[in-house]
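I am opening a notebook on a structure that is new to me, and I will write down what I looked up in the order in which I looked.

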Amino acid sequence: MTKIPYIPETAPFSLEQRAWLNGFLAGLFANGGGNEAPQLSAPPKAGEPLPILFGSQTGTAEGLAKRIAKEASQRGFAPLVLPLNDHSQADLAKAAKAIIISSTWGDGDPPDNATNFWSWLQADAPRLENLQFAVLGLGDRNYSDFCGAAKKFDARLESLGARRLLPHGECDTDYEASAKTWVDGLWEKLTPATNGHTLGHTVPVNDHAPAANGHAAKNVFSKTNPFPAKLLKNVLLNQPGSAKEVRHYEISLAGSGLTYEAGDALGIVPVNCPALVDEMLTALGCAGMESVSVGNTAIPLREALTRHLDLRKPSQELLAAVVARSPICELGPLLAAERRDDLKKFLWGRDVLDLLRLVDKPFSPAEFVPLLRKLAPRLYSISSSPKAHPDEVHLTVSAVRYESFGRERKGVASTFLADRIGDADCVKVFVQPSHGFKPPAIGDAPMIMVGPGTGIAPFRAFLEERKAVGAKGKNWLFFGDQKRAADYLYETELNAWHRSGHLTRLDLAFSRDQERKVYVQDRMLENAAELWSWLQAGAHFYVCGDAARMAKDVDAALHRIAETAGGKNAEEAKAYIAHLKSEKRYQRDVY
Ligand SMILES: Cc1cc2nc3c(=O)[nH]c(=O)nc-3n(C[C@H](O)[C@H](O)[C@H](O)COP(=O)(O)OP(=O)(O)OC[C@H]3O[C@@H](n4cnc5c(N)ncnc54)[C@H](O)[C@@H]3O)c2cc1C
Ligand SMILES: NC(=O)c1ccc[n+]([C@@H]2O[C@H](COP(=O)([O-])OP(=O)(O)OC[C@H]3O[C@@H](n4cnc5c(N)ncnc54)[C@H](OP(=O)(O)O)[C@@H]3O)[C@@H](O)[C@H]2O)c1
Ligand SMILES: Cc1cc2nc3c(=O)[nH]c(=O)nc-3n(C[C@H](O)[C@H](O)[C@H](O)COP(=O)(O)O)c2cc1C
């Protein structure tokens with residue numbers, strides 16, 4: 001057997017260098033005595049710069065990037081954590097290495113703080129032959145273009161000549177385990193023989209610790225340790241005759257030590273509906289007392305179905321297991337790769353119980369539980385300012401209720417809040433800090449807010465905040481919903497702010513009060529010249545609410561305004577909007 005040499009502790013190398021050299025020698029001799037050079041990258045020189053660039057809409061990828069940066073420092077790098085749009089600060093063309101962590105939004109699009117980077121990468125980036133890179137994607141398999149943005153970054157960097165350190169990673173909503181595996185692989189490439197710290201067990205995971213704004217650093221409660229809060233108020237905001245059920249919630253943060261800022265979101269840990277859990281138990285032929293493993297803990301099946309497992313979106317594993325058990329069921333052919341769209345159609349409006357009913361012989365609890373996804377927290381834009389409501393957080397939530405395949409369906413978190421929190425109960429919450437979605441730092445800067453439907457939520461917070469701090473900047477709100485008589489959310493407050501002049505302008509678009517639909521973007525276009533003059537005066541432009549249609553149409557309207565009122569051609573308008581984004585004067589909170 002070949003004896004593997006090693007570098008003694010007395011040799012004149014740092015710990016990291018020695019570890020790398022030992023790994024190098026181990027690799028060399030394991031390869032049969034050194035005929036083939038092992039493909040290892042250089043060990044980090046002490047303090048070697050390592051840009052860790054993130055694209056993140058709601059802070060998940062940002063939090064992960066910051067945790068990776070902590071590990072990078074422990075491994076001897078000098079990490080530089082930046083949003084992708086600030087890539088020029090990392091000077092990618094000159095950088096030797098860069099790590100990209102990005103979520104995906106819209107239909108496979110980069111998040112807002114990565115869109116300028118993507119435009120640059122596509123159109124203006126130089127050859128990047130000196131660069132070694134690695135891309136990790138965060139996404140959700142329920143979207144057809146899973147981790148689409150990360151895939152695009154990865155492919156484009158390669159085509160620009162940059163060298164991939166390892167294949168890009170793709171993480172679903174419960175991303176911790178797959179992110180850890182990918183990050184471990186990354187350290188193997190970057191610091192090949194160091195068997196030091198790895199994500200998950202180096203430093204305690206605290207989503208708030210590195211918050212850029214610093215305001216959450218002292219929180220003990222976090223996403224991994226949510227605060228059991230009291231629900232103080234649950235008020236229906238719609239009037240009789242509405243097709244909607246939007247509710248205003250007031251939640252106490254007293255005693256939690258949790259702090260937040262206008263623009264942040266609140267995470268709610270939901271609990272499944274007990275009636276649905278009963279139906280699931282019936283379909284499984286179980287009583288609920290059966291012991292099952294969730295994580296590494298044994299708990300009763302009823303508890304697992306109520307608090308830990310997603311009963312709504314079937315996982316790929318469940319689909320495959322259903323077909324394996326009942327090969328002739330209608331689902332079978334839809335699992336073929338080329339039938340992806342048909343599968344999506346089939347699954348629309350169907351949940352785990354619908355699938356369970358396709359199998360003839362029920363799964364045992366031990367077979368079934370690992371086939372389900374974890375129940376994920378839901379985020380809600382906070383609709384209060386802490387300065388106006390100390391120790392409280394307010395939310396504005398639309399209850400999701402619909403009928404599908406003969407059963408009444410309920411959105412998990414929105415109906416948990418609406419229906420299932422008794423006086424003695426608590427709701428587990430955490431603060432998800434936003435990056436950048438804040439009222440202008442300069443109190444005199446004008447602010448334009450576009451927030452139809454529940455999109456009003458953060459703007460109530462912004463307006464409360466500006467009132468509380470006495471900010472003198474002008475405020476313009478575009479709000480819309482279906483019918484003025486039934487759906488004018490926060491009507492009394494908004495009208496009072498308008499009357500007092502706190503809201504300089506209030507433009508309303510009630511879509512169903514006349515034959516032709518009128519939307520917020522129509523009001524923007526009707527006021528193009530004035531909106532343009534506000535932008536010229538340094539206004540910040542904010543959008544919140546429906547991502548699928550509204551936010552896209554509002555974006556198109558903004559481009560048109562730059563063309564018509566700003567006298568720009570299409571290219572110039574695009575560049576102008578990109579510039580607004582890079583100045584962080586165009587911020588969105590869309591979902
Ligand atoms: C940053 C952020 C901020 C947010 N802020 C707010 C906010 O302020 N207010 C707010 O109300 N929401 C907000 N949301 C959305 C919120 O997080 C939840 O997604 C929403 O409340 C639904 O969650 P749920 O658990 O009630 O429903 P789920 O159990 O998650 O069910 C919703 C799903 O049901 C399906 N579905 C819905 N309608 C139908 C139908 N008619 N037919 C078939 N299937 C259907 C769809 O797949 C839909 O995705 C925000 C989201 C994000 C990411
Ligand atoms: N994915 C979807 O298909 C879908 C659709 C609606 C809502 N949602 C989600 O449902 C939740 C709550 O919705 P919500 O009650 O806050 O508001 P909403 O359903 O978005 O409705 C608010 C107002 O926006 C109007 N609207 C519809 N399409 C628009 C567009 N393209 N541009 C501008 N305005 C448009 C609506 O008009 P009309 O209703 O009269 O057209 C209504 O007047 C959100 O999570 C939202 O994302 C999803
Ligand atoms: C409106 C919306 C659109 C999304 N679109 C996609 C998508 O197209 N592909 C995907 O893989 N994930 C998609 N996601 C999931 C997010 O990428 C995922 O939740 C991610 O963890 C968010 O990370 P962030 O907080 O860093 O932005 C979408 C999520 C939302 C709310």
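**Ligand 1.** I began with a polar contact (a pair of N or O atoms within 3.5 Å; within protein, one must be able to donate a hydrogen and the other to accept it, and residues adjacent in sequence count only if both atoms are side-chain atoms): an N or O atom in the side chain of Ser414 is 2.5 Å from an oxygen atom of ligand 1. Before going further I noted that this is a predicted model, in which local features need pLDDT of at least 70 and side-chain atom pairs count only at pLDDT 80 or more, while totals for chains, interfaces and linings use all residues. I also noted that residues are numbered from 1 along each chain as its sequence is written, that chains are lettered from A and ligands numbered from 1 in the order in which they are written, and that side-chain values use heavy atoms, with hydrogens and water left out.

I then found that a polar side-chain atom of Arg312 lies 2.8 Å from an oxygen atom of ligand 1, and that a backbone N or O atom of Thr396 lies 2.8 Å from a nitrogen atom of this ligand. Of the 990 Å² of accessible area that ligand 1 has on its own, the protein covers 76%, with areas taken from the Shrake-Rupley method with a 1.4 Å probe (for residues, only the protein chains shown count as cover).

Which elements give two or more residues to the shell around ligand 1? I listed β12 (378–381), β13 (392–398) and α13 (412–419), where helices (H or I, at least four residues) and strands (E, at least two) are DSSP runs numbered from the N terminus. Strand β12 gives the most, with four residues. The ligand is surrounded by 21 residues, the closest being Arg378, Leu379, Tyr380, Ala413 and Ser414, and a residue counts as near if one of its heavy atoms lies within 4 Å.

I looked at α13 by itself, and it is largely enclosed by the rest of the structure because seven of its eight residues are buried, that is, under 20% relative accessible area, with exposed meaning over 50% and partly exposed in between (1.4 Å probe, protein chains only). Ala413 and Ser414 are among these buried residues, as are Phe416 and Leu417.

**Ligand 2.** Around ligand 2 I found 18 residues, of which Thr454, Ser511, Arg512, Lys517 and Tyr519 come nearest. The side chain of Ser511 has an N or O atom 2.7 Å from an oxygen atom of ligand 2, and a backbone N or O atom of Asp481 lies 3.0 Å from an oxygen atom of the ligand. The protein covers 75% of the 870 Å² of accessible area that ligand 2 has on its own. Both β18 (475–481) and α19 (550–564) supply at least two residues of the shell.

**Ligand 3.** A polar side-chain atom of Ser56 lies 2.6 Å from an oxygen atom of ligand 3, a backbone N or O atom of Gln57 lies 2.7 Å from an oxygen atom of the ligand, and a polar backbone atom of Asp145 is 3.0 Å from a nitrogen atom of it. Taken alone, ligand 3 exposes 650 Å², and the protein buries 89% of that.

**Nonpolar cores.** A nonpolar core is a set of buried Ala, Val, Leu, Ile, Met, Phe, Trp, Tyr and Cys residues joined through side-chain atoms within 4.5 Å. The largest has 35 residues, and Leu305, Leu318, Val322, Leu331, Phe363 and Phe368 have the most contacts inside it. Helices α8 (301–308) and α9 (316–325) are among those that each supply at least two residues of this core. Leaving aside neighbours within four places in sequence, I found Leu331 in contact (heavy atoms within 4.5 Å) with Leu319, Val322, Val323, Leu343, Phe346 and Leu358. Another core, of 30 residues, lies apart from it and includes Trp532 and Trp534.

**Two single residues.** Gln521, in helix α17 (residues 520–526), counts as buried because its relative accessibility is 9%.
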